[in-house]
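Hi,

Here's the structure I promised to pass on. Have a look at it first, and my notes follow below.

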Amino acid sequence: MSGTNGKRLLLVEDDGELASTLLARLRESDYAVEHHSDGREGLAAALAGDFDALIVDRMLPGMDGLDLVKALRQRKDTPVIYLTTMSGIDDRVAGLDAGGDDYLTKPFAFAELLARIRVLTRRATHPPSRLTAGSIEMDLLARTVTRDGRDIDLVPQEFRLLEYLMKNADRVVTRKMLLENVWNVYFDPGTNVVESHISRLRTSLKQGFSTDPIQTVRGEGYRLLASQ
Amino acid sequence: MRVNRIIKSGTFRLAAAFSALFLVLTGALMGTVLWIVDNTQTETLVRANDADTETVLNGFSDEGIDEAVEVVRQRLGNVKYSTASRPDCFMVLENGSGAVLAGNLPAQPRRIGDFTTTLRDTRIRGRGTPIGEGAYLFVGRDLGPVAVTRERIIDAFIWVTAGALGIASVTGVLLGRRFTRRVDAVARACKSIIAGRLDERIEVQGYNDEWDRLASAINDMLNRIAALLENLRQVSSDVAHDLRTPLARLRNRLENARAESTSTTQYAQAIAGAIVDADQILSMFAALLRISQVEAGGRLAKFANVNLSELCENVFRMYQPVAEDYAHKLTANFDDGAQVRGDAELLTQMFTNLIENAIHHTPSGTAIHLLMRIAQDTVYLSVEDTGPGIAADQTEKVFRRFYRLASSRTTAGHGLGLALVSAVVQLHDGGIDLADAHPGLRVNVRFPVNCDR
């Protein structure tokens, strides 16, 4: 039960069908996954094992997902993503207050979960004052961006968008993740807000360059390529 | 049965408790009065005895025993008789050998000082005094009048108390009956509602007393419940009706795929289409759930201080590139430093829904103007466009769930945007209306700056 990307996940989910689908697809994606369907067993496993991230259902037999995370946080800071039913929209704040790191409402696209796990399991670093992705450099204190040393002018929302992409360089970020993290919007606004902003950012970054550092991943989201 | 109910009523019990308290207090008062009157009357008798004793002693010390005898005789000559055989004053003067020298009593045991005794069945307050040369003087007074006063006071108290208790009981029964009747009215209405007559209401009698206030509060609650039930009924029928269309489309697509697909590419296309259909259904569900959450009012608890100027500015910046992509001209004018109480997330969604509508339901080149200002503790927020507008007879209907104008049936959307906007506005205790912007549409939203309810 050891994945080839070296990342270990713990899935605590009591819905058998969803759990087996997730297990199969996470293993396909080279994660080593341990599964429990009972909240108390899940907590024991989380405390005993060494996991890179936890995927925890909000409603569990034995112990509620929220209580599980609260108990876990007293001992460990393993990143946690909650899974919740649609009627639990309002639980997001409570979930994050209890010490969770991210929140995903069922039903979700598997790509969405995968993208969020990749972001959660990135090696924790100290909050940097400078970000670098390939030829792009960002100074978070001076709020300036350069590409190959040339200044790039960005409006504040483009800056925040690029900051999030750079922090997760080479990882896919979904539309939902961008809406939540860049605009604090936790609902589907309907139009292509993200697309419009990405297209502005692309134009700004490409000015005078031949390559496009932002890659569109069809049906999933976007990826900032650090190699460009 | 009926009397039993009255006796069991809270009012009657309260009246009974107060009557008992009244009895105890009356008893205490009566005891005090008796004690004071007794003491005062007895003291008067003691003083009279003292005065008589003094007179006899003075006679004795001035002119000897004969004069004392004379004084006693004179004094007894003035004695009043309450009845033929009961004088109000008794005296006896004895010499050293115990012989009665004067008086209206036989010889007395020579008790000294102030005391109470019984002589011939009469309670007497008396005083015995040795007056010299072995002589002894007894002066006494009948305690009968004191006892009579005492009996009269007790009688008076008994009558007054009995009368008061009688009045209290009658009042208790009458009040109890009145209150029982009003409680019965409330209980009857509730039972009737439980039995299914949901439009039943409790009669408000117009006295504006606590019963009327209770009745109004219950009626308000019933109205709210009725509105929620109606809402629920409406949602259920909406869901049944409007989700059938996309579900039918999904089913057709899958059926066609099974019947007609011959390659994996075709299957993949069909599945991708089916996922799009399913996502659309799910987003309708999410929107419906959100509306009902907002309408249920549970989010009131999440109200906090919101910097509305910042919120509006963020939404405006968020939509600027979108409007440009649709070749719309988006402008804004917001008051600075606007602080309100509300749900930031819902206010954001309300505002974005209005802007989305303006962008989607107008042709390219439309000018859209956003406005937010605060005047007299009210927030005015409007989204105005120069598009085709909405016919006057449609302006109410567009707030209904799933309602879509004929002109916008072909554009994307599920007809829930304005229903949510309306729910959010109501949650913030505000109002919304659609106005003709000549040309175009102006959506006006207003809500109080502080809507903590």
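Keep in mind that this is a predicted model. I'll start with chain B, where helix α2 (residues 10-63) lies across β3 (89-94), β5, β6 and β7 of that chain. Its direction is about 25 degrees from that of β6(B).

Those strands belong to an open sheet of five in chain B, with antiparallel pairing and the order β4-β3-β7-β6-β5. At the edges sit β4 (100-103) and β5 (113-119) of chain B, each pairing on one side only. On average, and ignoring direction, neighbouring strands of the sheet are turned by 25 degrees against each other. Gly128(B), for instance, has Phe138(B) in β7(B) as its bridge partner.

Over in chain A, helix α2 (residues 39-48) packs on helix α3 (residues 65-73) at about 25 degrees, with the axes 10 Å apart. Since angles under 35 degrees count as roughly parallel, that makes α2(A) roughly parallel to α3(A). The crossing is right-handed. On the α2(A) side the contact includes Gly39(A), Gly42(A) and Leu43(A), and on the α3(A) side Gly65(A) and Leu68(A) are among the residues involved. By class, this contact has six nonpolar, three polar and no charged residues.

Finally, the interface: 19 residues of chain A are in contact with 20 of chain B. On chain A's side, helix α8 (residues 193-206) gives the most, with four residues. That side of chain A divides into nine nonpolar, seven polar and three charged residues.

Cheers

Terms used
Residues numbered from 1 in each chain as written. Chains lettered and ligands numbered in written order. Predicted model: local features only at pLDDT ≥ 70, side-chain atom pairs only at ≥ 80, totals over all residues. Pairing = 2+ DSSP bridges. Helix = DSSP H or I, 4+ residues; strand = E, 2+ residues; numbered from the N terminus. Axes fitted to C-alpha atoms, helices over the stretch in contact; angles between N-to-C directions. Contact = placed C-beta atoms within 7 Å. Nonpolar A, V, L, I, M, F, W, Y, C, P; charged D, E, K, R; others polar. Parallel < 35°, antiparallel > 145°, perpendicular 65-115°, else oblique. Left-handed = near helix turned anticlockwise from the far one by under 90°.
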